Amino acid sequence: MTGRVEGKVAFVTGAARGQGRSHALRLAQEGADIIAVDICEGIPSIERYYAGSTQADLDETVRQIEALDRRVVARKADVRDFDELKAALDEGVAELGHVDVVAANAGVFAFGDKTHEVSESDWQDVIDINQTGVWHTAKAVIPHLIEQGTGGSMILTSSTAGLKGTPNVAAYTASKHAVVGIMRTLALELAPYRIRVNTVHPTGVATDMILNEAAFKLFLPDVEHPTKEQAAAVFESTNALPIPWVEPVDISNAVLFLASDEARYVTGTELKVDAGYTIK
Amino acid sequence: MAGRVEGKVAFITGAARGQGRSHALRLAQEGADIIAVDLLEDIPGAPYHGATEADLAETVRQVEALDRRIVASKADVRDFGGLKKAVDDGVAQLGRLDIISANAGISTQMAPADELDEDMWQNMIDTNLTGVWHTVKAGLPHIKAGGRGGSIILTSSEAGIRGYGNIAHYVSAKHGVVGLMRTLAIELAPLSIRVNSIHPTQVDTDMIQNSATYDLFTGKQGSTKEEFAAASQAVIALPIPWVEPVDISNAVLWLASDEARFVTGVPLPVDGGNYLI
Amino acid sequence: MPGRVEGKVAFVTGAARGQGRSHALRLAQEGADIIAVDLTGQIDTVPYAMSTPADLDETVRQVEALDRRIVATQADVRDFDALKGALDAGVAQLGKLDIVSANAGIFSFGTLDELTEEQWSDMLAVNLTGVWHTVKAAIPHLKANGGGSMILTSSTAGLLAIPNIGHYVAAKHGVVGVMKTAALELAPFNIRVNSVHPTSVNTDMIQNSATYELFAPDLTPEQRTKEALAPRFQTLNVLPIPWVEPVDISNAVLWLASDESRYVTGLEVRVDAGQLLK
């Protein structure tokens with residue numbers, strides 16, 4: 001049986017680990033070749049929450065894709081730097097021949113300060129990466145998709161915080177709402193080319209981004225060293241389904257559906273993978 | 001009869017003209033004193049001229065003609081320090097702060113998302129999103145200090161709840177405002193500070209009455225105001241081409257007043273049914 | 001490779017033809033057995049020919065040709081006892097229930113001041129009460145199964161208003177209310193509930209002279225060909241297509257039915273060629 005995205009090439013940002021690696025692998029399992037980028041270094045304002053990805057992480061993504069007998073072009077690139085990002089993508093397209101699917105996944109999570117107490121530099125880092133970075137990703141790839149003339153599917157990673165307010169997470173929430181604005185604009189601009197654009201909105205995903213003590217403290221401010229087990233109970237209370245968080249592959253399965261021709265007439269939608277978080 | 005916001009003080013950005021001036025006047029008519037700021041410069045890439053010193057002076061004159069007090073200064077919402085000083089000075093003179101109208105905003109380059117310039121994108125995000133955050137951040141300590149609660153109204157747009165082609169930076173910034181609003185509404189509810197966003201359709205100001213906007217709506221070069229009116233009306237359910245600034249001000253006034261004391265976290269369209277069609 | 005819903009049992013209403021048949025076949029292709037019901041008869045206020053027993057027989061034939069089992073029954077979603085009887089009998093034969101596709105629906109039109117009492121009550125009875133009946137009949141089986149997935153067919157008209165079909169808009173918005181409530185009530189039981197929102201789908205529900213007249217009152221009946229109508233349907237969409245095919249909705253149903261979406265509940269999933277963006 002042919003894979004669900006057989007013969008396609010997917011561009012995945014933030015692909016060194018977490019959801020990005022999972023997207024790359026799930027798409028590769030279903031027949032896609034991958035252009036993978038990641039910053040592969042820590043961001044100073046974020047490192048107080050969790051450590052950045054490394055070159056070794058990206059190498060491991062490459063290893064796992066190649067173990068699936070798919071091709072991969074991986075580059076260290078920062079979504080804030082358009083020229084660098086574009087160069088990485090262009091090299092990937094030159095080597096793999098085309099690009100059909102885009103997972104604009106790279107993002108950071110910063111939290112814990114009241115909105116009016118967020119520092120200028122913390123605000124700017126989140127907006128630059130989560131919002132401007134998604135635009136850069138789109139801007140780099142759109143000329144390829146239009147020139148190819150074979151349509152395409154762009155999946156922008158937003159969040160439940162792209163649909164609802166989240167106290168003490170202002171910059172992230174603003175940036176993830178903005179991603180919905182980018183998506184809606186692009187879906188209108190690109191529909192005549194049969195290029196579809198959708199967002200995915202995960203609830204908490206079991207990655208380094210939330211499985212860290214700083215994130216646990218956001219939910220348990222009064223506990224000095226909250227454990228994963230303590231945090232799980234609080235995370236679970238925010239979801240309708242009786243689970244604390246979802247796995248990266250659950251988001252990848254949504255990305256896969258949107259990437260595949262099964263969703264050929266799905267565009268402009270906000271697709272939640274949120275265990276009922278937003279209906280509670 | 002007491003005004004609907006009698007005795008309150010309102011901080012309004014982008015107050016030299018257009019919607020901002022209208023908000024200042026409408027709130028002043030109903031008894032509020034005003035802290036007004038505006039950039040008073042041309043904006044790179046904008047298809048219309050920036051407001052001037054004379055515009056802001058005219059706002060001052062009209063507010064004072066209503067026998068209300070006003071403290072007006074030149075300030076840039078992108079510059080937190082300057083903005084904070086302006087609001088601090090205003091509160092020092094007027095004694096308190098109850099209402100924030102984060103209204104300052106720009107419209108600039110119109111192009112497909114992959115053709116927008118880096119500096120156009122950045123300035124849009126800096127002004128229409130970061131500027132709104134700065135406005136709230138500067139005013140909030142004063143509202144909190146009053147201990148009486150308050151009302152914050154963030155000006156988003158129809159483009160904050162739906163997409164439009166060729167203005168990805170504007171749509172993104174205005175969607176971002178909704179995220180900021182929702183977060184603030186949750187954070188500030190325990191202090192009885194309400195936060196809502198308003199979403200105007202086309203408003204009859206310089207921001208839309210210019211040839212670039214005409215062409216954006218009609219999809220052809222050199223469109224006339226009449227052609228724009230027809231194209232604009234086609235996306236509004238009510239038989240009107242645009243709304244007037246005072247229509248937005250009346251929504252701001254309602255949200256600012258105690259009539260809306262239990263309304264928070266709401267994106268309020270003032271759009272003639274634009275969202276319906 | 002096992003199918004994406006291998007070994008599951010799906011209950012599909014309105015399964016004789018159109019989207020319902022397509023859902024049954026797509027789920028069967030991916031390994032599910034089917035419990036199918038359909039009215040297979042006419043409702044007076046519906047301005048196009050509804051399904052027949054022969055249509056339901058054809059669905060049975062095609063599912064069986066895929067080597068899957070199917071229990072098909074004539075049943076009206078307006079009649080809870082009949083619907084429950086059909087479902088209970090299906091579960092008795094196939095052993096369990098995992099998936100529900102509440103798909104049965106009708107279409108008619110008129111402005112709010114023109115709609116007759118009968119048009120209104122038939123629409124609400126089938127498109128809203130019928131969905132609730134389907135959910136109500138299925139819940140005990142899904143609870144007994146330890147979880148499951150329900151997909152309720154709404155419409156883009158469940159999210160926005162469209163003139164001339166106020167009763168349809170009201171019913172389809174109502175389906176979203178049922179979906180969200182069910183999602184909350186049933187989450188503790190690992191039962192997921194979502195809605196799908198198609199734009200126009202290429203079935204008899206839109207490909208008929210009455211619907212053509214609604215879209216092209218300026219043309220003569222002879223001029224109202226499928227080709228002439230396509231550009232008018234296309235104006236509803238952002239993607240350059242007039243309508244989607246039933247299988248496009250089925251692919252969304254399949255994803256929601258499968259364990260790939262195991263943590264997806266409470267969603268309105270649009271398969272609408274961008275209609276909601278306009």
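Tutor: Start with a term. A nonpolar core is a set of buried Ala, Val, Leu, Ile, Met, Phe, Trp, Tyr and Cys residues joined through C-beta atoms within 7 Å. This is a predicted model. Its largest nonpolar core has 271 residues. Those with the most contacts inside that core are I34(A), I34(B) and I34(C). Helix α5 of chain A, residues 170–190, gives the core its largest share, 13 residues.

Now the helix to look at: α2 of chain A, residues 55–67. Check its length. At 1.5 Å a residue, its 13 residues should span 18 Å. The end C-alpha atoms are 18 Å apart, so the two agree.

Next, its sides. The buried residues of α2(A) are L58(A), T61(A) and I65(A). They cover an arc of only 50° around the axis, which means they sit on the same side of α2(A). The face turned away from that buried side carries exposed residues: A56(A), R63(A) and A67(A).

What does the buried side meet? Its residues pack against α1 (18–29), β2 (33–38) and β3 (72–76) of chain A.

Finally, follow the chain past the helix. Just after α2(A), D69(A) takes a positive phi of about 65°.

One word on confidence. The predictor gives the complex an ipTM of 0.84 and a pTM of 0.87.

Definitions and conventions
Residues numbered from 1 in each chain as written. Chains lettered and ligands numbered in written order. Predicted model: local features only at pLDDT ≥ 70, side-chain atom pairs only at ≥ 80, totals over all residues. Buried ≥ 20, exposed ≤ 12 C-beta atoms within 10 Å, placed from the backbone. Helix = DSSP H or I, 4+ residues; strand = E, 2+ residues; numbered from the N terminus. Expected span 1.5 Å × (residues − 1). Arc of directions from axis to C-beta. Contact = placed C-beta atoms within 7 Å.
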